[in-house]
Amino acid sequence: MLIKKIFTTFILMVLLAFPVTAVGFPSVSAQRFILIDADTGAVICEKEADTVCSMASTTKIMTALLAVESGKLDCVVTAGKLLTEGTSIGLKPGYQLTVEALVYGMLLESGNDAALLTATFLAGSEENFAVMMNERAHELGMTSTNFVTASGLDSPDHYTTAADMAKLAAAAIKNETFREICSSKTKTVDYIEPGIKVTFSNHNRLLRSCEGVFGIKTGFTKKSGRCLVSACEREGITLIAVTLNAPDDWNDHSKLYDYGYSLAKHEEYVPRIPKSVTVVGGCGNSVALRTSPDRITLDYIGSDSKTTQKVFLPKFLYAPIKKGEVVGRVQFLRGENLLAEVPIVSAGNIEALAEEERGFFSRLWDKIKDIFR
């Protein structure tokens, strides 16, 4: 009995010394990784996220995004002699299919031939397309990235960072067409020539095994190792995970998401606005204000920075004012990141004064408005 008591006391001491949390900081296999809030870009956790390395077929995120943004998804492309290696969707000279089918082929089956044919169709050559890729990367703030190939085949000058790939992914999933394609588990497309249908299957196992995951792209070469860029939505929050050279990438991403969402917060805020604003040229001198809605719930990942409110409202309004008319807005910010925006509306009607009742300054104001109008 004494031994049992001593053992029980020891266990309690251990538990008290090491408090249990819902989800601990994840132990992952990736040499480099990052987890971010897709909407704000806030970094939740990372390891060597700014270290340059190769990224294999996750390159196709950029290739596919440029194809979607080109507005040419319905265009029919004829395959020539495609000199490429690695995974393919079986294209042969003379095969015809749409650009949209090629995008499905590169995002689901990781077809290097689909990526190369897309690049040559949009830019004339893979070299010209790489220029387009790098220009878009610059626009997205990918400061440590250089694209050489459209497919992600290894090249000494083809590199990126986990942080840069997260920026690319965040931009890509804002495009509804891209998001729909990368989240598809399977897709049957028409090979217009030779007149056959082919079904593509998505290589991203997380679509079936990890709650909320809806994309984005896998990758592998001997040089880069296993690479994975994914996106996940739970509780109204979208996170993006990037792992580069990760032997156990599926489990890495699951752990990262469980950790990230364990930090999720849901807080209700009431917009702080003036009770009224001055009205010029109306039957009343002011009009009451309200917000629509009158309160808001913000979902975000835990952070030390506080949520602030910024009110945008003119110093005065000019009659007539209709009830419910939007006259301003309130922004909710966490640091410099915009979380939400709520409109400020008029809570009542203010009729304009009759012409004979309006003063000199009101009429002058009308003339000034007419000039600028």
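Predicted model: local features only at pLDDT ≥ 70, side-chain atom pairs only at ≥ 80, totals over all residues.
Residues are numbered from 1 along each chain as its sequence is written. Local features need pLDDT of at least 70 and side-chain atom pairs count only at pLDDT 80 or more, while totals for chains, interfaces and linings use all residues, and side-chain values use heavy atoms, with hydrogens and water left out.

**Exercise 1.** Find whether Met-165 is buried or exposed, and list its contacts beyond four places in sequence.

*Solution.* Start with the place of Met-165, which is in helix H6 (residues 162-172); helices are DSSP runs of H or I with at least four residues, and strands are E runs of at least two, numbered from the N terminus. Next, take its relative accessible area of 0%, which makes Met-165 buried (under 20%; exposed is over 50%, partly exposed in between, with a 1.4 Å probe and protein chains only). Finally, collect the contacts (heavy atoms within 4.5 Å): Met-55, Thr-58, Ile-61, Met-142, Thr-160, Val-229 and Val-242.

**Exercise 2.** Work out in which sense S5 and S6 pair.

*Solution.* Strand S5 (residues 186-191) and strand S6 (residues 196-201) pair in the antiparallel sense over 6 bridges (pairing needs at least two DSSP bridges). Then look at Tyr-191, which stands opposite Ile-196 in S6. The two strands form a hairpin with 4 residues between them, and Gly-195 in the turn has a positive phi of about 75°.
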